[in-house]
Amino acid sequence: MKPLEGIRVLEVAMYGFVPSAGGVLADWGAEVIKVEHAVTGDPQRGLKQTGNLKVGDGPNPNIWHANRGKRSLGLDMASVEGKEVLDELVRRADVFLTSFLPRSRQKLGIDVEDIRALNPKIIYARGSALGPRGPESDKGGFDMTAFWARASSAASITPRSHKGMTPPPGPAYGDTISGTNLAGGIAAALFKRERTGEPSVVDVSLLGSGLWAMGQTIALSLLLDEALQAPEPGGHGSPSNPLSGLYRTSDDRFLSLVMLQPGRYWADVCRHIDRPELIDDPRFSSAEEIAKHTAEAVEILREVFATRTLAEWTERLGTLSGPWAPVQDSLQVGSDPQIRANEYLLSAGGEVEVVSSPVQFDIGAPQLGPAPEFAAQTEEILMELGLDWERIIELKTAGAVT
């Protein structure tokens with residue numbers, strides 16, 4: 001049994017952030033109904049290209065990533081008939097999940113007091129750009145603005161010499177992180193309701209999640225009254241530790257070494273790179289000496305690592321005790337045996353592979369369902385509400401449902 005089996009989630013949300021929370025809840029076993037605009041659907045469905053990555057008319061990972069395992073209902077919430085359908089779904093739900101801004105929630109009658117009037121025990125969860133309080137609480141935003149730029153990731157990763165801002169590494173980067181936070185908050189609220197009978201209002205923002213992701217850095221900066229400065233590209237890494245940095249291989253790939261105790265790991269590294277004579281070299285006889293001679297050690301290691309391919313080094317370093325990793329791009333991760341062994345990449349309905357949400361239960365990966373086609377389950381959902389076919393036709397004719 002999945003942890004959230006039997007939990008019903010009604011999702012009134014668009015784009016990547018809040019729907020990704022619904023996707024995680026679906027991974028965990030919840031029944032998630034995605035309410036989409038009766039005509040246009042979720043605008044995310046129209047996203048076909050990001051950078052150099054462009055999809056055609058087939059399955060679109062831009063929609064599958066955040067919406068796997070859900071059912072879709074096309075609904076005109078602004079119409080009387082559509083609102084009646086929504087109200088009935090609210091009465092049957094455990095969680096109401098939304099990304100709508102305050103003014104839209106009030107206009108549509110889906111704010112906290114409206115939903116609670118229909119279902120006093122429902123968990124009300126909302127994702128926002130900038131948080132529920134303060135002078136900008138009614139403003140929208142995306143992960144590029146609220147999570148990446150405003151919460152300090154962009155400035156912290158961009159070297160001072162670089163003209164401009166380093167962009168996020170991929171689409172929905174901050175959205176997905178924030179969505180996972182929101183799913184966790186909902187799970188905690190469900191646990192509280194189970195124990196006390198009291199429902200909660202759950203708030204997660206892109207800004208708050210971005211700050212949390214940079215939390216350790218921000219705490220250091222506030223204590224020292226100094227912003228973090230990103231290293232210049234091409235540098236090794238640590239100025240006092242040759243075993244913490246990047247090394248290029250013969251096939252122009254990279255290894256990332258992060259051994260924060262160089263004195264502990266130096267001998268083992270030397271044996272694995274076939275340079276045992278360096279173990280007793282006076283320059284590297286202790287952590288203090290290694291720190292003094294970091295530049296020399298880096299040059300030696302650069303020469304050695306440049307003699308073999310990444311695949312060769314991956315095999316040779318398999319028994320190395322210190323932490324290291326291959327630097328992989330978004331395609332190369334698909335061939336990583338450790339990722340495959342843990343089922344971090346899964347088939348969603350047989351058509352598309354997506355990344356599994358990161359929490360696993362009982363040493364097993366979730367079974368993922370496909371993302372729904374727009375309004376594909378409208379009739380099914382309406383029949384579950386007790387509507388007969390004649391009434392469904394009437395609603396369709398009136399444009400209340402799709």
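I started at leucine 97. Leaving out residues up to four places away in sequence, I found that leucine 97 touches Val9, Leu10, Glu11, Val12, Val18, Ala21, Gly22, Ala125, Leu182 and Ile186. Contact here means heavy atoms within 4.5 Å.

A note on the source: this is a predicted model, where local features need pLDDT of at least 70 and side-chain atom pairs count only at pLDDT 80 or more, while totals for chains, interfaces and linings use all residues. Residues are numbered from 1 along each chain as its sequence is written, and side-chain values use heavy atoms, with hydrogens and water left out.

**Cores**

I looked up the largest nonpolar core next. A nonpolar core is a set of buried Ala, Val, Leu, Ile, Met, Phe, Trp, Tyr and Cys residues joined through side-chain atoms within 4.5 Å. Buried means under 20% relative accessible area, exposed means over 50%, and partly exposed lies in between (1.4 Å probe, protein chains only). This core has 31 residues, and Val9, Leu25, Leu97, Leu182 and Ile186 touch the most other members. At least two residues each come from α1, β6 (95–98), β7, α6, α8, β8 and α9. Helix α1 gives the largest share, six residues. Apart from this core I found another, of 27 residues, including Leu75, Ala93, Leu385 and Ala400. In soluble globular proteins, nonpolar side chains tend to be buried together.

Helices (H or I, at least four residues) and strands (E, at least two) are DSSP runs, numbered from the N terminus.

**Helix α9**

I checked which residues of α9 (206–213) are buried: Leu206, Leu207, Ser209 and Gly210. They span an arc of only 165° around the axis, so they lie on the same side of α9. The arc is that of the directions from the helix axis to the C-beta atoms. Among the elements covering these buried residues are α1, β7, α6, α8 (173–196) and β8 (201–205).

**Rings**

I searched the whole structure for aromatic pairs and got eight. The ring centres of tyrosine 15 and phenylalanine 142 are 5.5 Å apart and the planes stand at 85°, so this pair is edge-to-face. Tyrosine 15 sits in the loop between β1 (8–12) and α1 (17–27), and phenylalanine 142 in the loop between β7 (123–128) and α6 (143–149), so the pair ties together parts 127 residues apart in sequence. Rings of Phe, Tyr and Trp (its six-membered ring) pair if their centres lie within 6.5 Å; planes under 30 degrees apart are stacked, over 60 edge-to-face, the rest tilted.

Both partners are partly exposed: tyrosine 15 has a relative accessible area of 34%, and phenylalanine 142 has 46%. I also noted a cluster in which ring pairs link Phe147, Trp148 and Tyr173. Elsewhere, arginine 308 lies over the face of tryptophan 313, 5.2 Å from the ring centre. The rule for a charge over a ring is NZ of Lys or CZ of Arg within 6 Å of the ring centre and within 35 degrees of the ring normal.

**Backbone**

Most residues other than glycine have a negative phi. I came back to tyrosine 15, where phi is positive, near 65°. Alanine 375 also has a positive phi, of about 60°. Alanine 375 is in the loop between β13 (352–355) and α16 (378–384). With 11% relative accessibility, alanine 375 counts as buried.

**Whole chain**

I counted 17 helices and 13 strands in the protein chain. Of its 402 residues, 43% count as buried.
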